[in-house]
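Work through the exercises below with the structure in view. Each task is followed by a solution in steps.

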Amino acid sequence: MKIYSRPVHGSINPNELKILGLKKENLLDFSANISPIEPPESVWEDIQSVDLRSYPDPECLEIRESISKYISNLSYQIPIERIFVGNGSNEILHLISRIYLSKKSTVLIMTPTYGEYEFACRLAGASVITFNANVDSDFRWDFREVSNLIKIKKPKLVIICNPNNPTGLYCKRNEIDILAKASINSGTMFILDEAYLSFVAKPWDSLSLLNYSNIILVRSMSKDYAQTALRLGYALASENVVSNLRAFQPDWSVNSFAQKTGISVLEDKEYLLNARKVVFSSKNYLKKALTELGLDTVDSDANFLMIRVENATRWRMLLLNKGLVVRDCTSFGLPNYIRVGIRVIEECKLLVKAIAEVAQDTLSEFN
Ligand SMILES: Cc1ncc(COP(=O)(O)O)c(C=O)c1O
């Protein structure tokens, strides 16, 4: 059996802390991209109200009804038959790979991006081809070129993250349309991972893409409501894809705490508005402050920001020694970038102060 190395993720690694003798409570985590504000208050009451003796609903019926109500708009009604709920969007990505890929399959992944896509596809035995963004044009992709590649290679699956992790690039509707059309013409399934969509200032309505039968939209609720510990995500797709996903998902995969809190946070009309406001103002502050320090940042439409540095691995360690955890982008193939998740402004100020010190220290080493 072939063993693949696991993808690198952000967030605090307990093993590393143990080795370095650091304590989690003394660190500020900028390496995970989650809502900058505390989870909605209602979550704690919901958690306490869960009956521990009952199994979770394996069909996730109530939460699918809530999601349907939450996302449907005047133009697009999404019935529960087109909604699948998973133990985080990660489970959904792995299920899709297991169901639709085999040793004969080829997958096209738009990179640099979230490492779990490639891992899931390789576990399913598929070969992976990547299409890299152009670093010199703000990490954009050439969609005409990629569309030709789809025509030639006819991959089983195409995966793109929008807005993209780690670059923060948010592709336009017409760009995604090019990929969707090329995919449908080549008999290819198309995954659009929208894990960070809630933090885009002016998103376009991607629900209309569901008119294409080959599209799967994947979304994460863990990040939107700062509850990654609970694990909750959903996919929107054709009825057929949804029933295949359900056929392969182990029963009770989505625990009762996640289902219960998921239903109530969707009813909270204020939470996301507030979280978004914080993201927008802190991101502006960070960009400005970092530019004043002479550092380059990559324009981002998401709730994180890439910063160009001399050596990302070294910068991460130097910042960790100051109590701040950032994401070293080397595993994305970007050894000159660190990625920081947007937090409240007071915490961003601490980050800027630490970055200024590291910049000063690394500069004096060269002089
Ligand atoms: C782009 C992207 N998609 C999906 C996920 C998985 O999120 P979750 O399983 O918490 O929903 C992540 C997590 O970092 C991510 O960055």
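**Exercise 1.** State the strand order of the open sheet and identify its edge strands.

Solution. The open sheet has four strands, in the order S9-S10-S13-S12, with antiparallel pairing. Strands are DSSP runs of E with at least two residues, helices are runs of H or I with at least four, and both are numbered from the N terminus. Two strands pair if DSSP finds at least two bridges between them. Strand S9 (297-298) and strand S12 (327-328) each pair on one side only, which makes them the edge strands. In general, strands of a sheet pair through backbone hydrogen bonds, either parallel or antiparallel.

The model is predicted: local features need pLDDT of at least 70, side-chain atom pairs count only at pLDDT 80 or more, and totals for chains, interfaces and linings use all residues. Residues are numbered from 1 along each chain as its sequence is written.

**Exercise 2.** Find how many bridges join S12 to S13, and name the partner of Arg 327.

Solution. Strand S13 covers residues 337-341, runs antiparallel to S12 and is joined to S12 by two bridges. Arg 327 has Arg 339 of S13 as its bridge partner.

**Exercise 3.** Determine which helices lie across the strands, and at what angles.

Solution. Helix H11 (residues 271-292) lies across S9 and strand S10 (304-308), at about 5° to S10. Helix H12 (residues 312-320) lies across S12 and S13, at about 45° to S13. Axes are lines fitted to C-alpha atoms, for helices over the stretch in contact, and angles run from 0 to 180 degrees between N-to-C directions. Residues are in contact if their C-beta atoms, placed from the backbone, lie within 7 Å.

**Exercise 4.** Describe how H4 packs against H9.

Solution. The axes of H4 and helix H9 (residues 239-248) are 10 Å apart, at an angle of about 95°. H4 is therefore roughly perpendicular to H9, a term for angles of 65 to 115 degrees. H4 contributes Ile 92, Leu 95, Arg 98 and Ile 99 to the contact, and H9 contributes Asn 244, Leu 245 and Phe 248. By class, five of these residues are nonpolar, one is polar and one is charged. Ala, Val, Leu, Ile, Met, Phe, Trp, Tyr, Cys and Pro count as nonpolar, Asp, Glu, Lys and Arg as charged, and the others, Gly among them, as polar.

**Exercise 5.** Identify which helix gives the largest share of the shell around the ligand.

Solution. Helix H4 (residues 88-100) gives the largest share, three residues. The residues surrounding the ligand include Gly 88, Ser 89 and Asn 90. The shell has three nonpolar, eight polar and one charged residues.

Terms used
Near = placed C-beta within 6 Å. Parallel < 35°, antiparallel > 145°, perpendicular 65-115°, else oblique. Contact = placed C-beta atoms within 7 Å.
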